[in-house]
Amino acid sequence: MTENQKHRLEFSSDSSPQRPLKIGKTTNEDLLGDKEEAESMNRNPGIQRYLVAVEYIGTRFSGSQQQPNCRTVVGVLEEAFRKFIGQSVSVFCSSRTDAGVHALSNVCHVDVERISKRKPGEVLPPHEPSVVRRAVNHFLQKNDGDVTVVDVRSVPNDYHARYKAQERTYFYRLVSGPETLSSFDKDRVWHVPEILNIGAMQEACKVLVGHHDFSSFRAAGCQANSPMRTLDELDVCEVVSTPYFPSSMERKQRQGKEEGENGVLHSESYEVGFGIRRRHRCFVVTARARSFLYHQVRLMVGVLKAVGTGDLTVGDVERILEAKNVSSASPMAPACGLYLGHVKYDLPPPPPAPTE
């Protein structure tokens with residue numbers, strides 16, 4: 001199986017139905033890494049591998065992975081690298097996100113051989129990571145600017161963005177309240193008109209944390225061999241709705257007012273003048289694990305939302321988990337509120353600075 005084929009398999013993510021064709025199943029051994037494949041990647045010593053962290057707005061892509069006749073995150077990145085170094089490269093992501101899912105930091109790796117433009121065929125020393133970041137961002141900004149490189153690190157040629165990932169963190173944003181959704185939040189959050197009971201949602205989170213059979217939170221088409229996963233963290237908290245620019249008058253109104261949880265003052269607790277939008281209450285669900293089943297996070301958020309609105313109880317969540325059948329779960333949360341927040345690595349130390 002070629003490397004390109006291998007990377008079209010199911011990645012650890014939670015995303016929307018648009019996905020590459022099914023080629024095979026991903027096993028836990030795949031997630032731990034394929035030692036033989038990694039060793040075979042030590043090819044040309046003149047090639048430098050870079051670990052590249054990127055952020056993007058998922059609404060504008062048909063997912064992160066390459067797909068025929070579709071605009072994808074990988075496709076845009078490969079084009080920017082091609083313009084930078086003058087030759088084609090292959091970009092491999094740590095986590096696959098599908099259409100509508102955003103990333104605050106998804107991590108990829110790419111191999112670059114620096115060839116002299118004045119003397120074709122002459123291999124030059126690798127670019128510094130800071131140079132790669134600035135140059136690739138230069139070309140990305142010319143291509144709608146909906147992908148940005150946020151960090152670059154030089155790594156050994158066997159360092160694999162997917163297999164070396166130790167942990168993935170997702171965030172899901174919900175806003176609640178009857179007000180019409182702000183234009184600034186369009187395609188960035190899930191708008192729930194009902195009031196959400198955050199206390200009940202937090203209790204429901206405790207049911208799902210730990211090592212479980214998550215078959216009830218596993219969408220059809222999942223290619224993982226086992227539904228067993230360890231959920232290290234699942235929590236919901238209230239945060240300030242964005243964008244939020246308090247005036248001096250509003251700050252004075254806040255003085256002496258009883259603030260909500262986490263210091264959040266709800267707009268319904270004070271007078272709002274004409275032309276000033278009443279802000280929604282904004283909640284963030286955090287899910288952290290080494291890997292997730294297909295659509296696991298969005299299915300869990302769908303259940304938590306139902307608990308928050310009172311359609312389900314904490315006891316119902318326990319029964320859904322024990323049912324081990326996705327048909328028992330609530331409708332899945334939409335892709336627009338999901339963000340891949342962070343991919344954790346045990347990074348090797350940076351190479352020593354060159355001596356003069």
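Author: Let us begin with burial: a residue counts as buried when its relative accessible area is under 20%, and as exposed when that area is over 50%. The model before us is a predicted one. In this model C222 has a relative accessibility of 12%, so C222 counts as buried.

Reader: What share of the residues of the protein count as buried?

Author: Of its 356 residues, 51% count as buried. C108 belongs to the buried residues as well, with a relative accessible area of 1%.

Reader: How many disulfides does the structure hold?

Author: In general, a disulfide is a covalent bond that links the sulfur atoms of two cysteines. This structure holds 0 disulfides.

Reader: Let us turn to secondary structure. How many helices and strands are there?

Author: The protein has 9 helices and 10 strands. As for its contacts between residues at least 6 apart in sequence, 76% of them join residues at least 24 apart.

Reader: How do α6 and α9 pack, at what angle and how far apart?

Author: A pair of helices may be described by the angle and the distance between their axes. Helix α6, residues 198-208, packs with helix α9, residues 314-323, at an angle of about 25°, and their axes are 9 Å apart. Because angles under 35 degrees count as roughly parallel, α6 is roughly parallel to α9. The crossing of α6 past α9 is right-handed.

Reader: Which residues meet in the contact of α6 with α9?

Author: From α6 come A200, E203, A204, V207 and L208, and these meet V314, V317, E318 and L321 in α9. By class, the residues of this contact are 7 nonpolar, no polar and 2 charged.

Reader: Is α4 roughly parallel or roughly perpendicular to α5?

Author: Helix α4 (residues 73-85) packs with helix α5 (residues 129-141) at an angle of about 110°, their axes being 9 Å apart. That angle makes α4 roughly perpendicular to α5. Here, too, a right-handed crossing is found, as α4 passes α5. On the side of α4 the contact is made by V76, L77, A80, F81, K83 and F84, and on the side of α5 by V131, V132, A135, V136, F139 and L140. The residues of this contact comprise 11 nonpolar, no polar and 1 charged.

Reader: Where do N69 and D187 lie?

Author: N69 is placed in the loop between β1 (47-56) and α4, and at 85% relative accessibility it counts as exposed. D187 lies in the loop between β5 (167-176) and β6 (190-192); its relative accessibility is 32%, and D187 counts as partly exposed.

Reader: Finally, which residues is E122 in contact with, leaving aside its neighbours within four places in sequence?

Author: With those neighbours left aside, E122 is in contact with R114, I115 and S116. E122 lies in the loop between β3 (102-113) and α5, and its relative accessible area of 34% makes E122 partly exposed.

Technical notes: Residues numbered from 1 in each chain as written. Predicted model: local features only at pLDDT ≥ 70, side-chain atom pairs only at ≥ 80, totals over all residues. Heavy atoms only, no water. Disulfide = S-S within 2.5 Å. Buried < 20%, exposed > 50% of the residue type's maximum accessible area, 1.4 Å probe, protein only. Axes fitted to C-alpha atoms, helices over the stretch in contact; angles between N-to-C directions. Helix = DSSP H or I, 4+ residues; strand = E, 2+ residues; numbered from the N terminus. Parallel < 35°, antiparallel > 145°, perpendicular 65-115°, else oblique. Left-handed = near helix turned anticlockwise from the far one by under 90°. Contact = heavy atoms within 4.5 Å. Nonpolar A, V, L, I, M, F, W, Y, C, P; charged D, E, K, R; others polar.
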